[in-house]
Amino acid sequence: MQSVITATGSYLPSVIVTNDALALRVDTSDAWIRERTGITQRHIAAQGEQTSHLALRAAQAALESAGYSAHKIDGIVVATATPDTTMPSVAAKVQAGLGITKGAALDVAAACTGFIYALSVAHGWIQTGIATRVLVIGAETMSRIIDWEDRNTCVLFGDGAGAVILEAVPSGTRGIRAITLEAAGEFAPLLGTHGGVSSTQTAGTLFMQGQEVFRHGVEKMASVTLATLEKAGLTLADVDWLIPHQANARMIRMIARQLKIAQEKCVITVAEQANTSAATIPLALDIARRDGRLQPGNIVAMPALGAGLTWGCCVISW
């Protein structure tokens, strides 16, 4: 059986914070943010709106796109660095919200690479017969771990959720062609939070050495894309769409330039959504599906890098 993405869905909170609005809170400006990141606005979860709420809405949108009920789902994997609670998992809450009473449900914590890691888990379930239809969701409320006084980080992030249904389909040309996962804990001091359950008993706030993360992002997302294409028996010439983690528009352009992929082949959503961590790739996938860019048989490369450091790439045939 092949693991095929058969549906996508997304959800963005209704509250929008523009660059000009941020400039009223910290020493920044619309021009400064646009020039360095390409971001113009971000969606922020409303008071009381939790990661599981966003994840559930994205899951429901994916099910609506697929045209079948939640009871056909027998597995849920949620990638998130901002769960509602330490336990139970966001995935368990989504399962309950959908009224599902069968199959596995778990969260994956790999920060911005989380969706690729979560896809690999779901792919493994399908390949080993554990599940046949898995909801894979990237969902984040990054606004809850942002230091809103730090202009270097608070301008970068937003909240949102994207979901796909990964389904077991008789072997053919569609589906996941290859996945590569990497990590290097030695770089943990570059990106993370000043807090945690066993250290401060709080989630803490995000810190980042921006220039170093940028450098690693370009280098590692480019190299892991090449490695995954080689594993899939493909070349850069075969790639129809590059849908990378949406950390920064400049970073995406540099990755494309390094890979010698035309800018027109890059799906970029960071301007309107900012960096939603594990949610960026499924959000971008849903946009590209709905606007018609993704066509049957298209080869799509999806690289990401996040805290850990973790990085990886999934190559699919749409």
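This is a predicted model: local features need pLDDT of at least 70, side-chain atom pairs count only at pLDDT 80 or more; totals for chains, interfaces and linings use all residues.
1. Helix α3 (residues 51–66) packs against helix α4 (residues 90–98) with the axes 9 Å apart and an angle of about 50° between them. That angle makes α3 oblique to α4, and the crossing is right-handed.

2. Who makes the contact? From α3 come Thr51, Ser52, Ala55, Leu56, Ala59, Gln60 and Leu63, while α4 brings Val90, Lys93, Val94, Gly97 and Leu98. Sorted by class, the contact of α3 with α4 has seven nonpolar residues, four polar and one charged.

3. Met87 and Pro88 are joined by a cis peptide bond, with omega at about 5°. Pro88 lies in the loop between β4 (75–79) and α4, the helix that packs with α3.

4. There is also a cis bond from Gly308 to Leu309, where omega is near -15°. Look for Leu309 in the loop between β12 (299–306) and β13 (310–317).

5. Lys260 is worth a check of its backbone too. Its phi is near 60°, a positive value in a residue other than glycine. Lys260 is placed in the loop between α8 (249–259) and α9 (270–273). For background, most residues other than glycine have a negative phi, and most peptide bonds are trans.

6. On to the rings. The count of aromatic pairs comes to zero, but two rings do have a charge over them: the charged end of Arg133 sits over the ring of Tyr68, 5.3 Å from its centre, and the charged end of Lys220 sits over the ring of Trp311, 5.1 Å from its centre.

Methods:
Residues are numbered from 1 along each chain as its sequence is written. Side-chain values use heavy atoms; hydrogens and water are left out. Axes are lines fitted to C-alpha atoms, for helices over the stretch in contact, and angles run from 0 to 180 degrees between N-to-C directions. Helices (H or I, at least four residues) and strands (E, at least two) are DSSP runs, numbered from the N terminus. Angles under 35 degrees count as roughly parallel, over 145 as roughly antiparallel, 65 to 115 as roughly perpendicular and the rest as oblique. A crossing is left-handed if the near helix is turned anticlockwise from the far one by less than a right angle, and right-handed if clockwise. Contact means heavy atoms within 4.5 Å. Ala, Val, Leu, Ile, Met, Phe, Trp, Tyr, Cys and Pro count as nonpolar, Asp, Glu, Lys and Arg as charged, and the others, Gly among them, as polar. Rings of Phe, Tyr and Trp (its six-membered ring) pair if their centres lie within 6.5 Å; planes under 30 degrees apart count as stacked, over 60 as edge-to-face and the rest as tilted. A charge sits over a ring if NZ of Lys or CZ of Arg is within 6 Å of the ring centre and within 35 degrees of the ring normal.
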